Amino acid sequence: MMRPLDTIIELQEALEQLHRAETQLGGIPDWMQELDAEYRERKEEIDELESATEAGRLERKTAEAGIADAQEKLKRYQRQINEVTTQREYGALLQEIDTVKGQISAFEEQGIAAMERTESAKQALEEKRAGFQDLEDRYQAELARWDKEKPSLADEARKLRERVEVLRERLSRPYLSQFERIHERTHGQALAPIRRIERKGPTMWHCGACNYNVRPQVLVEIQNRGSLIQCDSCKRILYVEGERESAPAEANAAHSPA
Ligand SMILES: [Zn+2]
């Protein structure tokens, strides 16, 4: 008969594989990460240059509208100048004309600066776009490859879900709810391997997740009976890596009656 701990270990593995498959299905696969990052980065640069070009164009348009308005005003003042009768009016009008001329040259400078910015953004944009084509082609090719791989990954995820169900049913209620509680609390890391502490002196063991000390009796208990024992500190279910059935000689030797 299968021991609950062995089922729990299998369940944990199946859940991890399922999580990986679902994460990939919901995003992009590992082998595409690098290209995807490069693609996004270049795309962002292009988007920024496009915005800069558009902003420059709008600014130039605003400046031109400003110039047109100011020139209208200027014409009006120049017509009025023939109609003034007093020295004071004449002086005031000249003042207005000066102001509006100043506005025109400010708008002109603004327009030229905007035009220069637009030009350099456009030029950079063309260069970026030329270099982007190759990346775009490679990206599209990988996307197509990914689209082809998706169905088999989806199928794998479906099989894993079935496997998870089978394993869940194999566990009795209390064991299953114990596992699920820990699984949820530990964000999917319900198990912790027991590891040997590498050092001189008597053999000691600790929890592979939190390093807390594990008593040798616990190790023996798990190896011999497959008992469900939680780490005293992080409360994960402890297991022995790679050896579900037999106890290592050291642990036995340390605790066999003298
Ligand atoms: Zn622990």
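Cys-234 counts as buried, because its relative accessibility is 12%; buried here means under 20% relative accessible area, exposed over 50%, and partly exposed in between, with a 1.4 Å probe and protein chains only. Cys-210, at 28%, counts as partly exposed.

A word on the source. This is a predicted model, where local features need pLDDT of at least 70, side-chain atom pairs count only at pLDDT 80 or more, and totals for chains, interfaces and linings use all residues. Residues are numbered from 1 along each chain as its sequence is written, and side-chain values use heavy atoms, with hydrogens and water left out.

Back to the cysteines. Which residues are the protein donors of the zinc ion? They are Cys-207, Cys-210, Cys-231 and Cys-234, each through SG, lying 2.3 Å from the ion. Donors are N, O and S atoms within 2.8 Å of the metal (3.2 Å for Na, K and Ca); water is not among the atoms, so sites may look incomplete. Cys-210 sits in the loop between strand 2 (205-207) and strand 3 (213-214), and Cys-234 in the loop between helix 5 (216-225) and strand 4, so this pair ties together parts 24 residues apart in sequence. Helices (H or I, at least four residues) and strands (E, at least two) are DSSP runs, numbered from the N terminus.

Next, helix 4. Its buried residues are Leu-176, Gln-178, Phe-179, Ile-182 and His-183. They are on the same side of helix 4, because they cover an arc of only 160° around the axis, taken from the directions from the helix axis to the C-beta atoms. On the other side, Arg-173, Pro-174, Arg-181 and Glu-184 are exposed. Just after helix 4, His-187 has a positive phi of about 55°.
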